[in-house]
Amino acid sequence: MCGILGYAGGREATDLLLEGLRRLEYRGYDSAGLCLLDGPGIAVRKCAGRIDSLAQLVGASPVHGSTGISHTRWATHGEPTDANAHPHLDRSGKLALVHNGVVENYLEIRARLASKGHAFLSQTDSEVLAHLIGEHYDRLPPSPDRLLAAVRDALPEVTGTYGIAIVHADHTGEIVGARRGSPLVLGIGENEFLLSSDVTALVAHTRDVVYLNDHDLVWIADGSYQLTSLTRAQIDREVRKVEWDSEAAQRGDFAHFMLKEIFEQPASLENVMRGRLDWENCSARLGGLNMTPRELRQIDRIMIVACGTALHAGMVGEYLIEELAHLPVEVDFASEARYRNSPLDSRTLVFVVSQSGETADTLAAMREVQRKGLRALGICNVVGSTIARESDGGVYMHAGPEIGVAATKSFTSQVAVFALLGLLLGRLRHLTAPAGRDILEALQALPSQVSEILKYNDAIRAVAEKYAASSDMLFLGRQANYPIGLEGALKLKEISYIHADACPSAEIKHGVIALISPDFPAVIICPRDGVYEKNLSNLQEIKARKGRVIAVAHPDDKTVASMADDILPVPETHPIAQPILNVIPLQLFAYHIAVALGRDVDKPRNLAKSVTVE
Ligand code: AGP
């Protein structure tokens with residue numbers, strides 16, 4: 001939520017910042033801005049709209065300098081306007097700040113500063129933070145670390161979350177950064193430093209990074225950097241290598257990142273399973289859990305917390321783990337779990353699932369269970385993300401960067417992790433070796449089966465275009481395919497803005513069927529599994545009410561073909577792996593509808609990739 005990029009080094013920074021902001025734009029895209037230390041002054045350019053608008057502004061009114069900060073915004077306080085865009089200046093006009101997060105007590109600070117004569121130009125909480133730091137700066141005597149000291153003095157007055165970068169006209173070559181609750185990463189280049197909310201903006205320049213923790217301050221000055229805590233303690237933190245390069249975050253020949261990421265799923269599924277299929281024991285190897293077989297056997301309940309797509313993956317996981325390991329599993333919205341007084345004991349194992357590893361509610365839910373002494377394990381994609389670092393162990397998805405706001409490859413990787421987890425827990429209990437082997441074989445075949453589905457892309461586009469004019473759609477499935485329906489509906493909603501809902505197939509009779517009409521099509525996920533006949537009955541119930549039906553089914557399934565209006569084809573596999581295949585045509589279906597409607601697929605309205613505010 002919001003992207004930050006700062007640069008201090010020997011290069012002219014304007015184009016570098018603009019280019020970096022384009023890579024961060026998926027984090028927020030309603031307004032943008034930058035500022036450069038330009039000779040003795042500070043030059044700010046900012047406007048509502050996308051990075052292209054900012055680039056035009058900079059083109060018309062160029063700025064120069066080799067120290068600067070920049071920002072792409074997802075509005076929290078105040079509409080996306082030129083004035084509300086970052087950077088914000090303090091009262092002196094010499095200090096500039098970009099901010100990601102929410103200052104909860106900003107009204108109180110604002111009133112206090114206003115009584116001292118501060119005038120504010122925006123409605124944002126971030127401008128208040130700039131003024132507060134400026135106020136402290138003005139009080140301090142001149143010293144080389146005056147900007148750092150001002151930030152350190154100001155932050156204890158702030159309630160809320162922040163990832164910030166600050167520059168000052170009298171401190172060329174310097175950037176101060178700080179974080180609490182919003183990510184910040186330092187990039188270490190050759191005679192230059194970058195500071196960003198996300199490694200995506202750094203990898204074009206360096207793969208050597210230092211992840212800041214909450215309450216860390218970083219001071220870039222005089223061609224080096226220093227990490228300290230708010231209490232002035234020196235911090236020695238490891239420099240880590242980013243696994244992927246800038247190529248991985250490029251769109252290539254694909255029209256959209258989302259399409260590229262859908263097509264990457266054969267590879268991302270290979271990656272999530274690499275080294276984890278334990279053929280010898282007909283089980284799975286998940287060493288990152290940091291748990292012995294004995295400890296895993298002692299677990300008698302699992303809780304999964306997540307948001308959005310990751311929550312849907314957890315819901316599929318619930319079915320898979322219960323089926324394979326006969327362990328009770330509860331899945332909850334992280335935003336609910338964090339405030340709930342759920343009975344938890346030491347035999348409950350908690351999984352937090354997050355592609356970004358930065359989602360505010362998921363992180364807070366994790367910290368809450370850890371506070372109560374429970375072990376919380378992360379299932380994350382972004383290496384070095386806050387959840388990955390603070391969890392007590394976990395599983396990396398290794399899906400590579402996911403840029404499209406609509407999660408796709410991360411979802412299938414998360415479900416694959418749950419299948420592996422179910423297999424491991426099952427084999428430590430009563431799942432037989434042959435049953436375990438069947439699952440391994442099914443998982444191993446997934447990448448090539450996904451490739452098979454991707455060959456139907458044109459056929460799926462044709463079906464999608466037929467239904468693109470619908471204003472509503474219903475998604476139905478049973479068992480683990482019910483959350484696949486939820487995920488199909490979410491994909492459609494977020495990128496096409498078509499209203500969509502999902503429910504377990506049989507539930508329609510309890511109310512939802514009242515909506516069915518020729519204008520309200522239903523997508524039913526209908527694999528030839530244990531509940532196949534039941535799904536067929538539900539399909540008939542919709543047809544009997546003149547509803548149009550699109551079925552996710554095997555291309556040779558003549559029974560479904562004779563009943564449904566259209567088919568989204570999927571190959572067949574073991575029921576444990578089938579949900580992973582079933583979601584692929586739904587991702588493509590949503591994608592092609594959004595394209596047919598001319599939507600901004602990778603940056604849908606009102607959304608941002610990573611939700612780092614509550
Ligand atoms: C789904 O397409 C969305 N991008 C959203 O629901 C997302 O899955 C959710 O915000 C959770 O994000 P996370 O996996 O990074 O925690």
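Biologist: Which residues does Lys609 touch, not counting residues up to four places away in sequence?

Modeller: Lys609 touches Tyr26, Arg27, Gln355, Glu402, Ile403, Gly404, Val405, Ala406 and Ala407. Contact here means heavy atoms within 4.5 Å. Two notes on the source: this is a predicted model, where local features need pLDDT of at least 70 and side-chain atom pairs count only at pLDDT 80 or more, while totals for chains, interfaces and linings use all residues. Residues are numbered from 1 along each chain as its sequence is written, and side-chain values use heavy atoms, leaving out hydrogens and water.

Biologist: Why does Lys609 count as buried?

Modeller: Buried means under 20% relative accessible area, exposed means over 50%, and partly exposed is in between (1.4 Å probe, protein chains only). Lys609 has 13% relative accessibility, so Lys609 counts as buried. Lys609 sits in the segment after α19 (578-596).

Biologist: What lies 2.8 Å from a polar atom of the side chain of Lys609?

Modeller: That is the backbone oxygen of Gly404. The backbone oxygen of Val405 lies 3.5 Å from a polar atom of the Lys609 side chain.

Biologist: Why is Ile379 called buried?

Modeller: Its relative accessibility is 0%, so Ile379 counts as buried. Ile379 belongs to strand β20 (residues 376-380); strands (E, at least two residues) and helices (H or I, at least four) are DSSP runs, numbered from the N terminus. Leaving aside neighbours within four places in sequence, the contacts of Ile379 include Phe351, Val353, Met397 and Phe418.

Biologist: What makes helix α5 largely enclosed by the rest of the structure?

Modeller: In α5 (residues 146-154), 8 of the 9 residues are buried, so the helix is largely enclosed. Among the buried ones are Leu147, Leu148 and Val151. The cover over the buried residues of α5 includes α4 (125-139), β6 (95-100) and β7 (162-168).

Biologist: How do helices α9 and α16 pack, and at what angle?

Modeller: Helix α9 (residues 308-325) and helix α16 (residues 481-496) pack at about 165°, with their axes 8 Å apart. Axes are lines fitted to C-alpha atoms, for helices over the stretch in contact, and angles run from 0 to 180 degrees between N-to-C directions.

Biologist: Why is α9 called roughly antiparallel to α16?

Modeller: Angles over 145 degrees count as roughly antiparallel, under 35 as roughly parallel, 65 to 115 as roughly perpendicular, and the rest as oblique. The angle is about 165°, which makes α9 roughly antiparallel to α16. Residues of α9 that meet α16 include Met315, Val316 and Tyr319.

Note on methods: A polar contact is a pair of N or O atoms within 3.5 Å; within protein, one must be able to donate a hydrogen and the other to accept it, and residues adjacent in sequence count only if both atoms are side-chain atoms.
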